[in-house]
Amino acid sequence: MADKVLPEERLFNIIKDGKDSGSGGEVSKPKKASTDLGGMKKIFGSLKLHPGANNIESKSVNRVLSVLLVLVAVFFVYYLFTTRPDVEKIIKSAPGANPAPIPEI
């Protein structure tokens with residue numbers, strides 16, 4: 001009597017080998033993106049974004065986070081030097097603050 005293959009084992013073999021042992025046909029694998037990203041690929045490394053990707057390299061994640069951190073820092077410095085607080089507006093918006101007029105000297 002031949003050994004019976006459980007459905008779970010058959011599925012595991014299909015996934016492992018990439019073949020369906022029953023039909024002899026190939027199982028379709030996810031296609032890789034063929035878009036050319038130019039310089040972005042150097043910055044972000046081999047960050048896999050297609051649905052079949054289950055491994056993301058920590059080096060790529062660190063690069064993406066570093067780029068985001070630099071962008072936030074640049075925005076913060078830009079905001080810091082381009083905006084000026086309006087003192088009169090701040091004083092008027094304070095609740096219960098009714099400053100006495102300052103006499104001119």
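Trainee: Where is confidence lowest and where is it highest in the chain?

Mentor: pLDDT is the predictor's confidence in each residue, from 0 to 100, and where it is low, the predicted coordinates should not be read in detail. The mean for the chain is 75, with 58% of its residues at 70 or more; confidence is lowest in helix α2 (residues 40–44), at a mean of 65, and highest in α3, at 93.

Trainee: How many helices and strands are there in the chain?

Mentor: Helices (H or I, at least four residues) and strands (E, at least two) are DSSP runs, numbered from the N terminus. The chain has four helices and zero strands, giving the pattern α-α-α-α along the sequence.

Trainee: What percentage of the residues in the chain is buried?

Mentor: Buried means under 20% relative accessible area, exposed over 50%, and partly exposed in between, with a 1.4 Å probe and protein chains only. Of the 105 residues in the chain, 4% are buried.

Trainee: Which aromatic rings pair, and why is the pair stacked?

Mentor: Rings of Phe, Tyr and Trp (its six-membered ring) pair if their centres lie within 6.5 Å, and planes under 30 degrees apart count as stacked, over 60 as edge-to-face and the rest as tilted. The count here is one aromatic pair: the ring centres of F75 and Y79 are 6.3 Å apart and their planes lie at 25 degrees, so the pair is stacked. F75 and Y79 are four residues apart in helix α3 (residues 58–82), about one helical turn. F75 is exposed at 55% relative accessibility, whereas Y79 is partly exposed at 48%.

Technical notes
Residues numbered from 1 in each chain as written. Predicted model: local features only at pLDDT ≥ 70, side-chain atom pairs only at ≥ 80, totals over all residues. Heavy atoms only, no water.
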